[in-house]
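The paragraphs below lead through one protein model, going from strands to rings to helices. Please keep the sequence and the structure in view while reading.

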Amino acid sequence: DVSPVVAGLIGATVLVVSVSVTVFVWTCCHQQAEKKHKTPPYKFIHMLKGISIYPETLSNKKKINRIRRDKNGAPKETGRGNLLVDAAESGLIGSEKAPDGPNAAPHVDQLPIKVDYGDELSPDQSLTPGESKTSSPSSPGDDVMLGELTFSVDYNFPKKALVVTIQEAHGLPVMDEHTQSSDPYIKMTILPDKRHRVKTRVLRKTLDPVFDETFTFYGIPYSQLQDLVLHFLVLSFDRFSRDDIIGEVMVPLAGVDPSTGKVQLTREILKRNIQKCISRGELQVSLSYQPVAQRMTVVVLKARHLPKMDITGLSDPYVKVNVYYGRKRIAKKKTHVKKCTLNPVFNESFIYDIPVDLLPDISIEFLVINFDRTTKNEVVGRLILGAHSVTAAGVEHWREVCENPRKPVAKWHSLSEY
(Lines give C-alpha, C1' and ligand atoms only; values in the text may rest on other atoms or scores of the structure.)
Protein backbone atom coordinates (compact mmCIF):
# COMPACT_ATOMS: atom_id res chain seq x y z
CA ASP A 1 0.00 0.00 0.00
CA VAL A 2 1.32 3.43 -1.03
CA SER A 3 0.00 6.65 0.40
CA PRO A 4 -1.53 9.18 -2.01
CA VAL A 5 1.28 11.71 -1.29
CA VAL A 6 4.04 9.27 -2.18
CA ALA A 7 2.17 8.12 -5.27
CA GLY A 8 1.76 11.73 -6.36
CA LEU A 9 5.49 12.45 -5.90
CA ILE A 10 6.46 9.36 -7.87
CA GLY A 11 4.09 10.28 -10.70
CA ALA A 12 5.37 13.87 -10.83
CA THR A 13 8.98 12.68 -10.91
CA VAL A 14 8.29 10.25 -13.73
CA LEU A 15 6.50 13.00 -15.66
CA VAL A 16 9.35 15.51 -15.25
CA VAL A 17 11.98 12.95 -16.28
CA SER A 18 9.95 11.91 -19.33
CA VAL A 19 9.48 15.52 -20.47
CA SER A 20 13.18 16.32 -19.94
CA VAL A 21 14.32 13.31 -21.93
CA THR A 22 11.89 14.13 -24.73
CA VAL A 23 13.07 17.76 -24.94
CA PHE A 24 16.73 16.70 -24.90
CA VAL A 25 16.23 14.14 -27.69
CA TRP A 26 14.29 16.65 -29.79
CA THR A 27 16.97 19.32 -29.34
CA CYS A 28 19.75 16.94 -30.37
CA CYS A 29 17.84 15.81 -33.46
CA HIS A 30 17.07 19.39 -34.43
CA GLN A 31 20.71 20.50 -34.11
CA GLN A 32 21.88 17.50 -36.10
CA ALA A 33 19.43 18.29 -38.89
CA GLU A 34 20.59 21.92 -38.98
CA LYS A 35 24.23 20.85 -39.27
CA LYS A 36 23.42 18.60 -42.22
CA HIS A 37 21.62 21.32 -44.17
CA LYS A 38 23.85 24.22 -43.20
CA THR A 39 26.58 25.18 -45.68
CA PRO A 40 29.47 27.31 -44.38
CA PRO A 41 29.20 30.39 -46.62
CA TYR A 42 32.78 31.63 -46.27
CA LYS A 43 34.81 28.44 -46.20
CA PHE A 44 37.87 28.33 -48.44
CA ILE A 45 40.75 25.99 -49.12
CA HIS A 46 44.33 26.86 -49.86
CA MET A 47 46.59 24.95 -52.21
CA LEU A 48 50.32 25.51 -52.28
CA LYS A 49 51.98 24.26 -55.47
CA GLY A 50 49.16 21.82 -56.07
CA ILE A 51 49.12 20.37 -52.53
CA SER A 52 45.98 20.96 -50.48
CA ILE A 53 46.70 22.83 -47.26
CA TYR A 54 43.06 23.50 -46.48
CA PRO A 55 41.08 20.35 -47.45
CA GLU A 56 37.53 20.67 -48.72
CA THR A 57 36.14 18.52 -45.90
CA LEU A 58 36.83 20.92 -43.06
CA SER A 59 35.40 19.42 -39.87
CA ASN A 60 34.25 21.26 -36.79
CA LYS A 61 37.78 20.90 -35.44
CA LYS A 62 39.06 22.81 -38.47
CA LYS A 63 41.67 20.21 -39.35
CA ILE A 64 44.28 20.99 -41.96
CA ASN A 65 46.95 19.04 -43.78
CA ARG A 66 50.45 20.18 -43.08
CA ILE A 67 53.12 19.78 -45.72
CA ARG A 68 55.99 17.60 -44.55
CA ARG A 69 58.68 15.77 -46.43
CA ASP A 70 59.95 12.30 -45.77
CA LYS A 71 63.53 11.15 -46.06
CA ASN A 72 63.24 10.80 -49.84
CA GLY A 73 62.08 14.40 -50.21
CA ALA A 74 58.53 13.47 -51.25
CA PRO A 75 55.78 15.58 -49.69
CA LYS A 76 53.35 13.93 -47.33
CA GLU A 77 50.41 15.34 -45.43
CA THR A 78 49.67 15.17 -41.72
CA GLY A 79 46.67 16.50 -39.85
CA ARG A 80 46.65 19.27 -37.33
CA GLY A 81 43.86 20.97 -35.37
CA ASN A 82 44.57 24.56 -36.38
CA LEU A 83 43.12 26.47 -39.29
CA LEU A 84 46.36 28.03 -40.44
CA VAL A 85 49.70 26.35 -40.95
CA ASP A 86 52.34 27.37 -38.46
CA ALA A 87 54.46 30.13 -39.96
CA ALA A 88 57.80 28.90 -38.80
CA GLU A 89 57.38 25.40 -40.28
CA SER A 90 55.31 25.94 -43.40
CA GLY A 91 56.63 29.29 -44.57
CA LEU A 92 53.23 30.81 -45.35
CA ILE A 93 54.34 33.92 -43.50
CA GLY A 94 57.75 35.07 -42.46
CA SER A 95 59.08 34.48 -39.01
CA GLU A 96 58.98 37.65 -36.97
CA LYS A 97 61.00 36.29 -34.09
CA ALA A 98 64.32 35.79 -35.81
CA PRO A 99 67.38 36.02 -33.62
CA ASP A 100 69.49 39.12 -33.64
CA GLY A 101 72.27 39.04 -36.18
CA PRO A 102 74.82 41.39 -37.70
CA ASN A 103 72.09 43.03 -39.74
CA ALA A 104 69.76 43.51 -36.82
CA ALA A 105 68.46 46.95 -35.98
CA PRO A 106 70.66 48.96 -33.58
CA HIS A 107 69.58 49.00 -29.98
CA VAL A 108 68.10 52.17 -28.53
CA ASP A 109 70.32 54.07 -26.18
CA GLN A 110 69.16 54.14 -22.58
CA LEU A 111 66.67 57.01 -22.27
CA PRO A 112 65.59 58.74 -19.04
CA ILE A 113 62.03 57.49 -19.53
CA LYS A 114 60.18 55.15 -17.25
CA VAL A 115 56.84 53.56 -17.97
CA ASP A 116 54.02 52.88 -15.56
CA TYR A 117 50.72 51.44 -16.66
CA GLY A 118 47.37 52.05 -15.08
CA ASP A 119 46.03 48.66 -16.19
CA GLU A 120 48.60 45.89 -16.02
CA LEU A 121 47.84 43.40 -18.77
CA SER A 122 50.81 41.18 -19.50
CA PRO A 123 54.37 41.41 -18.12
CA ASP A 124 55.93 40.42 -21.44
CA GLN A 125 54.68 43.63 -23.05
CA SER A 126 56.84 45.92 -20.87
CA LEU A 127 59.47 48.35 -22.08
CA THR A 128 61.88 46.54 -24.43
CA PRO A 129 64.33 48.94 -26.12
CA GLY A 130 66.09 46.04 -27.85
CA GLU A 131 62.95 45.37 -29.86
CA SER A 132 62.73 48.88 -31.26
CA LYS A 133 62.20 49.20 -34.96
CA THR A 134 64.01 51.21 -37.53
CA SER A 135 62.11 53.37 -39.93
CA SER A 136 60.92 51.62 -43.03
CA PRO A 137 62.31 52.48 -46.45
CA SER A 138 60.30 55.04 -48.29
CA SER A 139 57.52 53.83 -50.52
CA PRO A 140 58.27 53.70 -54.22
CA GLY A 141 57.60 56.90 -56.09
CA ASP A 142 55.45 57.57 -59.09
CA ASP A 143 58.39 57.27 -61.50
CA VAL A 144 59.39 53.79 -60.28
CA MET A 145 58.07 50.71 -62.05
CA LEU A 146 56.33 48.47 -59.53
CA GLY A 147 56.22 45.34 -61.69
CA GLU A 148 53.41 43.05 -62.83
CA LEU A 149 51.26 40.40 -61.15
CA THR A 150 50.09 37.22 -62.90
CA PHE A 151 47.12 35.27 -61.56
CA SER A 152 44.16 33.22 -62.79
CA VAL A 153 40.43 33.15 -62.01
CA ASP A 154 38.18 30.10 -62.30
CA TYR A 155 34.73 29.07 -61.07
CA ASN A 156 33.55 25.66 -59.87
CA PHE A 157 29.83 25.46 -60.66
CA PRO A 158 29.00 22.20 -58.78
CA LYS A 159 30.52 23.55 -55.57
CA LYS A 160 29.66 27.24 -56.12
CA ALA A 161 33.28 28.14 -55.49
CA LEU A 162 35.51 30.91 -56.81
CA VAL A 163 39.06 29.71 -57.45
CA VAL A 164 41.89 32.27 -57.54
CA THR A 165 45.49 31.22 -58.22
CA ILE A 166 48.25 33.74 -57.46
CA GLN A 167 51.02 32.60 -59.79
CA GLU A 168 53.91 35.04 -59.87
CA ALA A 169 55.12 38.63 -59.98
CA HIS A 170 57.86 40.21 -62.04
CA GLY A 171 59.97 43.35 -61.80
CA LEU A 172 59.25 44.30 -58.20
CA PRO A 173 61.18 47.29 -56.83
CA VAL A 174 63.96 47.02 -54.25
CA MET A 175 62.57 47.60 -50.76
CA ASP A 176 65.57 46.45 -48.69
CA GLU A 177 68.51 48.74 -49.39
CA HIS A 178 70.93 46.50 -47.50
CA THR A 179 70.32 43.37 -49.57
CA GLN A 180 69.18 45.25 -52.69
CA SER A 181 66.18 42.94 -52.85
CA SER A 182 62.72 42.39 -51.33
CA ASP A 183 60.82 39.77 -49.32
CA PRO A 184 57.48 39.91 -51.13
CA TYR A 185 54.13 38.40 -50.27
CA ILE A 186 50.55 39.19 -51.32
CA LYS A 187 47.37 39.85 -49.39
CA MET A 188 44.14 39.27 -51.28
CA THR A 189 40.67 40.55 -50.36
CA ILE A 190 37.32 40.17 -52.11
CA LEU A 191 35.57 43.54 -52.16
CA PRO A 192 33.27 45.19 -51.29
CA ASP A 193 32.44 43.18 -48.16
CA LYS A 194 36.01 42.17 -47.29
CA ARG A 195 34.71 38.90 -45.90
CA HIS A 196 37.52 36.88 -47.49
CA ARG A 197 41.04 37.82 -46.41
CA VAL A 198 43.95 35.56 -47.35
CA LYS A 199 47.66 35.92 -48.01
CA THR A 200 50.52 34.01 -49.55
CA ARG A 201 53.72 32.92 -47.90
CA VAL A 202 56.75 35.23 -47.84
CA LEU A 203 59.43 34.57 -50.47
CA ARG A 204 62.87 35.74 -49.40
CA LYS A 205 65.23 37.99 -51.35
CA THR A 206 63.63 38.03 -54.77
CA LEU A 207 62.20 40.58 -57.16
CA ASP A 208 60.51 37.91 -59.29
CA PRO A 209 58.61 35.71 -56.83
CA VAL A 210 56.78 32.57 -57.97
CA PHE A 211 53.97 31.87 -55.47
CA ASP A 212 51.81 29.28 -57.26
CA GLU A 213 49.18 29.34 -54.49
CA THR A 214 45.49 28.58 -55.04
CA PHE A 215 42.64 29.88 -52.88
CA THR A 216 39.16 28.41 -53.24
CA PHE A 217 36.23 30.36 -51.78
CA TYR A 218 32.93 28.58 -51.25
CA GLY A 219 29.45 30.07 -50.99
CA ILE A 220 29.81 32.65 -53.80
CA PRO A 221 26.98 32.35 -56.35
CA TYR A 222 28.00 32.84 -59.96
CA SER A 223 25.36 35.58 -60.34
CA GLN A 224 27.21 37.69 -57.75
CA LEU A 225 30.61 37.57 -59.44
CA GLN A 226 29.83 40.67 -61.50
CA ASP A 227 29.53 42.71 -58.30
CA LEU A 228 32.86 41.61 -56.78
CA VAL A 229 36.34 43.08 -57.06
CA LEU A 230 39.59 41.24 -56.36
CA HIS A 231 42.06 43.40 -54.43
CA PHE A 232 45.71 42.27 -54.37
CA LEU A 233 48.05 44.13 -52.02
CA VAL A 234 51.74 43.48 -52.71
CA LEU A 235 53.97 43.90 -49.67
CA SER A 236 57.57 43.30 -48.63
CA PHE A 237 58.16 41.69 -45.24
CA ASP A 238 60.32 43.69 -42.82
CA ARG A 239 61.60 41.94 -39.71
CA PHE A 240 62.39 45.11 -37.75
CA SER A 241 59.60 47.43 -38.85
CA ARG A 242 56.14 47.42 -40.35
CA ASP A 243 55.94 45.70 -43.71
CA ASP A 244 56.48 47.92 -46.74
CA ILE A 245 53.61 48.35 -49.18
CA ILE A 246 54.85 47.96 -52.75
CA GLY A 247 51.55 48.51 -54.57
CA GLU A 248 48.13 47.10 -55.34
CA VAL A 249 46.08 45.54 -58.13
CA MET A 250 42.31 45.99 -58.42
CA VAL A 251 40.48 43.55 -60.72
CA PRO A 252 36.69 43.97 -61.15
CA LEU A 253 35.18 40.58 -61.98
CA ALA A 254 32.58 42.33 -64.13
CA GLY A 255 35.10 42.14 -66.97
CA VAL A 256 36.10 38.52 -66.34
CA ASP A 257 34.05 35.51 -67.48
CA PRO A 258 35.34 32.23 -65.97
CA SER A 259 32.27 30.28 -67.10
CA THR A 260 34.15 28.65 -69.99
CA GLY A 261 37.27 27.81 -67.99
CA LYS A 262 40.24 29.30 -66.22
CA VAL A 263 41.05 32.89 -67.16
CA GLN A 264 44.69 33.93 -66.79
CA LEU A 265 45.38 37.63 -66.27
CA THR A 266 48.43 39.86 -65.93
CA ARG A 267 48.00 43.30 -64.39
CA GLU A 268 50.42 46.10 -63.70
CA ILE A 269 51.04 46.82 -60.02
CA LEU A 270 50.04 50.39 -59.24
CA LYS A 271 50.97 52.68 -56.39
CA ARG A 272 48.41 52.39 -53.62
CA ASN A 273 45.78 55.11 -53.67
CA ILE A 274 45.08 55.87 -50.04
CA GLN A 275 42.22 58.22 -50.90
CA LYS A 276 40.18 55.32 -52.32
CA CYS A 277 40.43 53.30 -49.11
CA ILE A 278 37.24 52.96 -47.12
CA SER A 279 36.83 54.55 -43.72
CA ARG A 280 38.66 52.73 -40.97
CA GLY A 281 36.53 54.19 -38.18
CA GLU A 282 37.36 56.63 -35.39
CA LEU A 283 39.22 56.43 -32.08
CA GLN A 284 38.77 58.66 -29.03
CA VAL A 285 41.82 59.17 -26.82
CA SER A 286 42.65 61.50 -23.94
CA LEU A 287 46.10 62.89 -23.11
CA SER A 288 47.24 64.83 -20.07
CA TYR A 289 50.73 66.00 -19.09
CA GLN A 290 51.82 66.84 -15.53
CA PRO A 291 54.87 69.14 -15.78
CA VAL A 292 55.73 68.89 -12.06
CA ALA A 293 55.67 65.10 -11.98
CA GLN A 294 56.83 65.02 -15.63
CA ARG A 295 54.22 62.36 -16.35
CA MET A 296 52.08 61.74 -19.45
CA THR A 297 48.74 59.99 -18.95
CA VAL A 298 47.28 58.32 -22.03
CA VAL A 299 43.68 57.08 -21.88
CA VAL A 300 42.21 54.94 -24.66
CA LEU A 301 38.50 55.76 -24.35
CA LYS A 302 36.50 54.18 -27.16
CA ALA A 303 36.16 53.63 -30.91
CA ARG A 304 33.25 53.77 -33.30
CA HIS A 305 32.28 52.78 -36.85
CA LEU A 306 35.07 50.22 -37.15
CA PRO A 307 35.00 48.15 -40.37
CA LYS A 308 33.67 44.59 -40.34
CA MET A 309 36.60 42.20 -40.02
CA ASP A 310 34.93 38.86 -39.22
CA ILE A 311 32.47 36.72 -41.18
CA THR A 312 29.92 37.51 -38.47
CA GLY A 313 29.89 41.16 -39.56
CA LEU A 314 31.58 42.25 -36.32
CA SER A 315 35.11 42.54 -34.93
CA ASP A 316 37.11 41.71 -31.80
CA PRO A 317 39.16 44.91 -31.49
CA TYR A 318 41.86 45.97 -29.08
CA VAL A 319 44.30 48.91 -29.13
CA LYS A 320 48.08 48.65 -29.06
CA VAL A 321 49.90 51.77 -27.82
CA ASN A 322 53.49 52.33 -28.99
CA VAL A 323 55.65 55.17 -27.66
CA TYR A 324 58.46 56.45 -29.88
CA TYR A 325 61.45 58.63 -29.06
CA GLY A 326 62.34 60.02 -32.46
CA ARG A 327 62.08 56.99 -34.75
CA LYS A 328 62.86 54.42 -32.05
CA ARG A 329 60.10 52.58 -30.23
CA ILE A 330 60.77 52.60 -26.49
CA ALA A 331 57.52 51.19 -25.05
CA LYS A 332 54.49 49.16 -26.05
CA LYS A 333 51.29 48.11 -24.32
CA LYS A 334 47.80 47.00 -25.27
CA THR A 335 44.26 47.12 -24.01
CA HIS A 336 41.93 44.20 -23.40
CA VAL A 337 40.07 42.66 -26.35
CA LYS A 338 36.43 43.70 -26.76
CA LYS A 339 34.46 40.85 -28.28
CA CYS A 340 31.94 41.11 -31.13
CA THR A 341 31.57 44.87 -31.48
CA LEU A 342 32.23 47.67 -33.96
CA ASN A 343 31.90 50.37 -31.28
CA PRO A 344 34.10 49.20 -28.39
CA VAL A 345 34.51 51.06 -25.09
CA PHE A 346 37.97 50.55 -23.54
CA ASN A 347 38.53 53.18 -20.80
CA GLU A 348 42.07 51.98 -20.10
CA SER A 349 44.92 54.29 -19.08
CA PHE A 350 48.69 54.13 -19.42
CA ILE A 351 51.14 56.42 -17.59
CA TYR A 352 54.60 57.40 -18.86
CA ASP A 353 57.29 59.36 -16.99
CA ILE A 354 58.68 61.70 -19.67
CA PRO A 355 61.01 64.66 -19.01
CA VAL A 356 59.81 68.00 -20.34
CA ASP A 357 62.82 68.46 -22.62
CA LEU A 358 62.04 65.20 -24.43
CA LEU A 359 58.42 66.03 -25.29
CA PRO A 360 59.23 67.57 -28.72
CA ASP A 361 60.65 64.19 -29.86
CA ILE A 362 57.94 61.93 -28.41
CA SER A 363 55.25 60.30 -30.58
CA ILE A 364 52.43 58.04 -29.47
CA GLU A 365 51.06 55.53 -31.97
CA PHE A 366 47.66 53.88 -31.53
CA LEU A 367 47.00 50.71 -33.54
CA VAL A 368 43.45 49.35 -33.55
CA ILE A 369 43.82 45.61 -34.16
CA ASN A 370 41.27 42.87 -34.78
CA PHE A 371 41.96 39.80 -32.64
CA ASP A 372 41.65 36.45 -34.40
CA ARG A 373 42.23 33.04 -32.80
CA THR A 374 42.89 31.18 -36.05
CA THR A 375 44.81 33.69 -38.16
CA LYS A 376 47.26 36.49 -37.58
CA ASN A 377 45.75 39.56 -35.93
CA GLU A 378 45.05 42.26 -38.51
CA VAL A 379 45.52 46.01 -38.08
CA VAL A 380 42.27 47.91 -38.60
CA GLY A 381 43.57 51.47 -38.45
CA ARG A 382 46.29 53.72 -37.11
CA LEU A 383 46.63 57.05 -35.29
CA ILE A 384 49.80 58.99 -34.43
CA LEU A 385 49.95 61.91 -31.98
CA GLY A 386 53.06 63.89 -31.23
CA ALA A 387 56.20 64.73 -33.16
CA HIS A 388 55.33 62.59 -36.19
CA SER A 389 51.61 63.22 -36.44
CA VAL A 390 50.55 63.40 -40.10
CA THR A 391 47.10 64.97 -39.69
CA ALA A 392 46.08 68.48 -38.74
CA ALA A 393 43.80 67.13 -36.02
CA GLY A 394 46.67 65.15 -34.51
CA VAL A 395 48.99 68.16 -34.51
CA GLU A 396 46.30 70.33 -32.90
CA HIS A 397 45.56 67.72 -30.22
CA TRP A 398 49.23 67.45 -29.24
CA ARG A 399 49.59 71.24 -29.17
CA GLU A 400 46.62 71.59 -26.80
CA VAL A 401 48.08 68.95 -24.49
CA CYS A 402 51.43 70.76 -24.30
CA GLU A 403 49.87 74.21 -23.85
CA ASN A 404 47.36 73.09 -21.20
CA PRO A 405 49.29 71.19 -18.52
CA ARG A 406 47.36 69.12 -15.97
CA LYS A 407 44.25 69.30 -18.18
CA PRO A 408 42.98 66.09 -19.87
CA VAL A 409 42.33 66.73 -23.56
CA ALA A 410 40.06 64.17 -25.24
CA LYS A 411 39.36 64.15 -28.98
CA TRP A 412 38.02 61.89 -31.73
CA HIS A 413 40.40 61.04 -34.56
CA SER A 414 39.83 59.26 -37.86
CA LEU A 415 41.92 56.13 -38.25
CA SER A 416 44.18 55.87 -41.27
CA GLU A 417 45.42 52.85 -43.20
CA TYR A 418 48.30 50.97 -41.56
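**Strands, rings and helices**

Strand β11 and strand β12 (residues 244–252) run antiparallel and are joined by 8 bridges. The model is a predicted one. Within this pairing, Phe232 has Val249 of β12 as its bridge partner. Strand β8 (residues 184–191) also pairs with β11, again in the antiparallel sense and over 8 bridges. Here Tyr185 is the residue that stands opposite Leu235 of β11. How many of the 8 residues of β11 are buried? The number is 7, so β11 (residues 229–236) is largely enclosed by the rest of the structure.

The aromatic rings come next. There are 4 aromatic pairs in the structure. One of them is formed by Tyr155 and Phe157: the ring centres are 4.9 Å apart and the planes meet at 75 degrees, which is over the 60 degrees required, so this pair is edge-to-face. Phe157 also pairs with Tyr222, with ring centres 5.0 Å apart and planes at 45 degrees, so that pair is tilted. Phe157 sits in the loop between β6 (148–156) and β7 (161–170), and Tyr222 in the loop between β10 (210–218) and β11, so their pair ties together parts that are 65 residues apart in sequence. Through these ring pairs, Tyr155, Phe157 and Tyr222 are linked into a cluster.

Phe157 is partly exposed, at a relative accessible area of 40%. Tyr222 is partly exposed as well, with 26%.

Helix α3 covers residues 392–403. Which residues of α3 are buried? They are Gly394, His397, Trp398 and Val401. These residues cover an arc of only 95 degrees around the axis, which puts them on the same side of α3. The buried residues of α3 pack against β14 (282–290), β15 (295–304), β19 (362–370), β20 (378–386) and β21 (409–414).

In the model, the chain over residues 6–29 is 100% helix and 0% strand. The end C-alpha atoms of residues 6–29 are 35 Å apart.

Note on methods. Residues numbered from 1 in each chain as written. Predicted model: local features only at pLDDT ≥ 70, side-chain atom pairs only at ≥ 80, totals over all residues. Heavy atoms only, no water. Helix = DSSP H or I, 4+ residues; strand = E, 2+ residues; numbered from the N terminus. Expected span 1.5 Å × (residues − 1). Buried < 20%, exposed > 50% of the residue type's maximum accessible area, 1.4 Å probe, protein only. Arc of directions from axis to C-beta. Contact = heavy atoms within 4.5 Å. Pairing = 2+ DSSP bridges. Phe/Tyr/Trp six-rings, centres within 6.5 Å; stacked < 30°, edge-to-face > 60°.
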